Amino acid sequence: MSKKVIIPNGILTLAESKAECPECDRQIPFDEIENKWVKQKKHIMRMKCKCKRFIGITTDMRGDFIAFSLK
């Protein structure tokens, strides 16, 4: 979901970035991902979802998080 904010020189659009677990379709909020993402040196990380499965998380060129299955 995005929110538009009017600023002096135009409009700023804020978007909440979420990743969706490919196994249980749970939306993983930005807050859960961001703390771990900042510590990563690579552009990919491994994370355990609440469904007890490991998933990979990366970003696209817009900066949105994308989750994928690690099988």
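User: When does a charge sit over a ring, and how far is the charged end of Arg 46 from the centre of the ring of Phe 54?

Analyst: A charge sits over a ring if NZ of Lys or CZ of Arg is within 6 Å of the ring centre and within 35 degrees of the ring normal. This is a predicted model, in which local features need pLDDT of at least 70, side-chain atom pairs count only at pLDDT 80 or more, and totals for chains, interfaces and linings use all residues. Residues are numbered from 1 along each chain as its sequence is written, and side-chain values use heavy atoms, without hydrogens and water. The charged end of Arg 46 sits over the ring of Phe 54, and its distance from the ring centre is 3.9 Å.

User: Which kind of aromatic pair do Trp 37 and Phe 65 form?

Analyst: Rings of Phe, Tyr and Trp (its six-membered ring) pair if their centres lie within 6.5 Å; planes under 30 degrees apart count as stacked, over 60 as edge-to-face and the rest as tilted. The structure holds 1 aromatic pair. For Trp 37 and Phe 65, the centres are 5.5 Å apart and the planes stand at 80°, so the pair is edge-to-face.

User: Is Phe 65 buried or exposed?

Analyst: Buried means under 20% relative accessible area, exposed over 50%, and partly exposed in between (1.4 Å probe, protein chains only). Because its relative accessibility is 7%, Phe 65 counts as buried.

User: What is the phi of Lys 52, and is this residue buried or exposed?

Analyst: Most residues other than glycine have a negative phi. Lys 52, which is not a glycine, has a positive phi near 75°. With a relative accessible area of 64%, Lys 52 is exposed.
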